[in-house]
Amino acid sequence: MRADRWSLADVARMRLLSQRLVDPLASPTEVVRHLTCTQGQDYPGSSVSIALRTTSRRLQDVRDAYDSGTIVRSWPMRGTLFVVPAEDLGWMLGLTSERVRRETTRRREQLGLDDATLARAETVALEALGGEGLTRSELLGIWEEAGHATGEGRGYHSIFHLALSGLVCQGPTEGREQRFVRTEEWISDPRPLEGEEAVLEWFTRYARSHGPVPVADFLWWTKLLKRDVAPVLDDARQQLEVITVDDVEHWVDPAVVGRYASQRRSTAAPLLLPGFDELVLGYGDRGAVLSKVEEAEVVPGGNGIFRATVVRAGRAVGTWKRPRRAGDVVDVTPFGAGLPGPVERALPRLTAALPT
């Protein structure tokens, strides 16, 4: 296709290739390393999102990746939980944590979490977290016993402070949750990136795994500033392809552009994506996957809770819920008059293929 003919529909389809929803990878660790950061607010849902991008589609493989220490959950940006490659967490926090800490100062003050209080909580936590770590409830219980109140959000913000400081992360699994562990013990080989080298690494990996994307989406995604990114764009142009869509530059992996013509038909295959999937949440501008009216149906009332979506050709065509009984088909609420025929016919197969 000619470079002056790219459309938003092409963007939507190419993003399926970039996000490995068409060509899955061998393991959850490879998926997370490719995506660099993937939404992690909802642990069960994020595990499904990762498994969907693997050849095995097994949730146990995701748990194994956590247990082996190759992937972790933490708050590397935007004050939001993400799944990240263990070796990359440190340099990400090096770029973002100070800004997030400043932005959350007022909330900590409202909760009475001054520096001295947080320092005492930190000492108690790090002494208790050695070895296999603690579940959230265990950590909160230890704080309460030590006189550090955890109610009304104090527990969450105390954990958040430890994570922002790079001291703890969520690692090994225990049932449907994870244990908090000391980062220095759990992450054995952190990558020593900083400054412009780290920004270039993050931007190129975001474009390769989420592209085509404008720079504005990367700035929204990381909350870095234009002045942080501007110095690396010339180097990024040597690694990425830049296409123009509606007069806006979009950055993408050249390999995705090269494969698009031969794999475009594959991008039409319907998908069932869990809520909070990166295909929807990984962009500041979601126009390629959802209209504003449709987005209101995915996030009813703007409450921050994203419903699971049915996707075809990179665009959401409805929302879905898991069936109440084993063997039933997912319950779909289509946007508009009804589902396209190919999507309707695919639902039994898609339901049966959901990661377990």
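Tryptophan W202 touches T36, C37, P76, M77, W91, M92, L95, T96, F218, W221 and T222, leaving aside residues up to four places away in sequence, where contact means heavy atoms within 4.5 Å. The structure is a predicted model, in which local features need pLDDT of at least 70 and side-chain atom pairs count only at pLDDT 80 or more, while totals for chains, interfaces and linings use all residues. Residues are numbered from 1 along each chain as its sequence is written, and side-chain values use heavy atoms, with hydrogens and water left out.

W202 belongs to the largest nonpolar core, which has 53 residues, and is among those with the most contacts inside it, together with C37, W143, F203, F218, V229 and W251. Such a core is a set of buried Ala, Val, Leu, Ile, Met, Phe, Trp, Tyr and Cys residues joined through side-chain atoms within 4.5 Å; buried means under 20% relative accessible area, exposed over 50%, and partly exposed in between, with a 1.4 Å probe and protein chains only. Helix α11 (residues 195–210) supplies the largest share of this core, seven residues. A second, separate core of 21 residues includes L16, V32, L35 and I71.

Just after α2, T36 takes a positive phi of about 75 degrees.

The cysteines come next. A search of the whole structure finds zero disulfides.

Elsewhere, an open sheet of four strands has the order β8-β9-β10-β11, with antiparallel pairing; two strands pair if DSSP finds at least two bridges between them. Its edge strands, β8 (271–273) and β11 (331–334), each pair on one side only. Within the sheet, five bridges join strand β9 (residues 308–312) to strand β10 (residues 315–321), and these two run antiparallel. R312 stands opposite R315 in β10. Helices (H or I, at least four residues) and strands (E, at least two) are DSSP runs, numbered from the N terminus.

How values were computed. Disulfide = S-S within 2.5 Å.
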